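Welcome! Here is a short briefing to read alongside the sequence and the 3D view. Take a look at the chain, then follow the topics below.

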Amino acid sequence: MQSVAGGAIHAVHAFAAAVQPGGAGGGGKPDAPKLDPVQLVLHASAPVKAVLIVLVVFSLCCWVVIGAKFLHLRRARAESHRFLKTFDAAQNFESMANGLSAFRGSPFARIFATGYDEMMRMTGGQRQRLGDAEGTHVETATRRAAAREVTHLESWMTLLGTIGSTAPFIGLFGTVYGIMDAFLSIGNQQNANLPVVAPKIAEALIATAIGLVAAIPSVMAYNYFARRVQELADSLEGFAADVAARAKLGGI
């Protein structure tokens with residue numbers, strides 16, 4: 001009886017081991033490998049890692065510039081809107097000049113301050129009409145001030161354009177190098193099976209992916225900010241001419 005019972009228990013254990021996944025007689029397949037970008041980066045070759053570091057730095061710079069430029073333009077637009085309403089309601093330049101401290105973020109306010117200072121310098125602090133030469137001088141000063149404000153509004157946008165245009169090519173360089181390394185590994189191992197080739201190709205392609213992650217927001221932000229700056233630039237040029245025209249009349 002004991003031998004029969006022992007044989008039955010042994011048979012049950014053998015059956016359980018056979019039906020378990022990956023058991024000795026079950027023929028179970030191991031779990032398929034999952035995509036892990038962190039592991040791909042860690043196992044990449046040194047040149048590919050260097051490319052990835054450059055692209056990550058580009059991406060961080062891109063988002064810092066996007067945030068700073070968005071706040072800059074939003075403040076400029078909001079304070080310019082308030083300034084223009086006050087400017088249109090002002091009776092003369094003197095009443096407008098007394099409240100300029102409330103519009104420090106407005107490029108329109110700085111253009112007005114330049115025109116007002118030049119008008120007062122030309123007239124010696126007196127309210128009077130300007131001659132042709134003095135009026136031309138004030139107009140030139142306000143136009144220069146408008147050009148400076150446009151340049152200030154466009155600051156750091158060149159970096160966005162540079163990142164947007166170069167990041168995909170830097171990522172492509174990392175991908176090309178990684179694929180070359182993969183083919184060299186195939187030649188050294190004399191084995192072209194997919195499990196040998198796939199990890200290295202995946203490590204190479206991650207560089208292109210990160211390059212696109214850095215480039216796409218940069219291009220989109222550059223186009224958005226360029227359109228906003230152009231809208232302000234057109235208004236600034238017209239406002240500079242308006243200030244110069246009123247300055248010729250004595251600031252009325």
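Helices here are DSSP runs of H or I with at least four residues, strands are runs of E with at least two, and both are numbered from the N terminus. Read from the N terminus on, the elements of this chain run α-α-α-α-α-α-α-α. That makes eight helices and zero strands. Please keep in mind that this is a predicted model.

**The chain as a whole**

- The chain has 252 residues, and 33% of them count as buried.
- Among contacts between residues at least 6 apart in sequence, 77% join residues at least 24 apart.

**Stretches listed in UniProt**

- An unreviewed UniProt entry lists residues 50–71, 158–184 and 204–225 under "transmembrane region".
- In the model, residues 50–71 are 100% helix and 0% strand, with 32 Å between the end C-alpha atoms.
- Residues 204–225 are likewise 100% helix and 0% strand, and their end C-alpha atoms lie 33 Å apart.

**Where H3 meets H5**

- Two packed helices are described by the angle between their axes and the distance between the axes.
- For helix H3 (residues 46–89) and helix H5 (residues 107–123), the axes come within 7 Å and cross at roughly 50°.
- On the H3 side, the contact is made by Ala76, Ser80, Phe83, Leu84 and Phe87, while H5 brings Pro107, Phe108, Ala109 and Phe112.
- The residues of this H3–H5 contact divide into eight nonpolar, one polar and no charged.

**The nonpolar cores**

- Which residues touch the most other members of the largest nonpolar core? They are Phe83, Phe87, Phe93, Phe112 and Phe239, in a core of 43 residues.
- The elements that give two or more residues to this core are H3, helix H4 (93–97), H5, helix H6 (132–153), helix H7 (157–189) and helix H8 (194–248).
- H8 gives the most to this core, with 12 residues.

**Glu149, in helix H6**

- Is Glu149 buried or exposed? Glu149, which sits in helix H6, has a relative accessible area of 10%, under the 20% cut-off, and is therefore buried.
- Not counting residues up to four places away in sequence, Glu149 touches Pro107, Arg110, Ile111 and Leu236.

**The loop between H6 and H7**

- Glu154 is found in the loop between H6 and H7.
- With a relative accessible area of 38%, Glu154 is partly exposed.
- Setting aside neighbours within four places in sequence, Glu154 is in contact with Lys69 and Val229.
- Glu154 and Lys69 are 85 residues apart in sequence, and their C-alpha atoms are 8.9 Å apart in space.
- Trp156 also has its place in the loop between H6 and H7.
- Trp156 is exposed, because its relative accessible area is 61% and the cut-off for exposed is over 50%.
- Most residues other than glycine have a negative phi.
- Trp156 is not a glycine, yet its phi is positive, at about 70°.

Notes:
Residues are numbered from 1 along each chain as its sequence is written. This is a predicted model: local features need pLDDT of at least 70, side-chain atom pairs count only at pLDDT 80 or more; totals for chains, interfaces and linings use all residues. Side-chain values use heavy atoms; hydrogens and water are left out. Axes are lines fitted to C-alpha atoms, for helices over the stretch in contact, and angles run from 0 to 180 degrees between N-to-C directions. Contact means heavy atoms within 4.5 Å. Ala, Val, Leu, Ile, Met, Phe, Trp, Tyr, Cys and Pro count as nonpolar, Asp, Glu, Lys and Arg as charged, and the others, Gly among them, as polar. UniProt positions are given in the numbering used here, feature names are shortened, and annotations may be inferred rather than shown by experiment. A nonpolar core is a set of buried Ala, Val, Leu, Ile, Met, Phe, Trp, Tyr and Cys residues joined through side-chain atoms within 4.5 Å. Buried means under 20% relative accessible area, exposed over 50%, partly exposed in between (1.4 Å probe, protein chains only).
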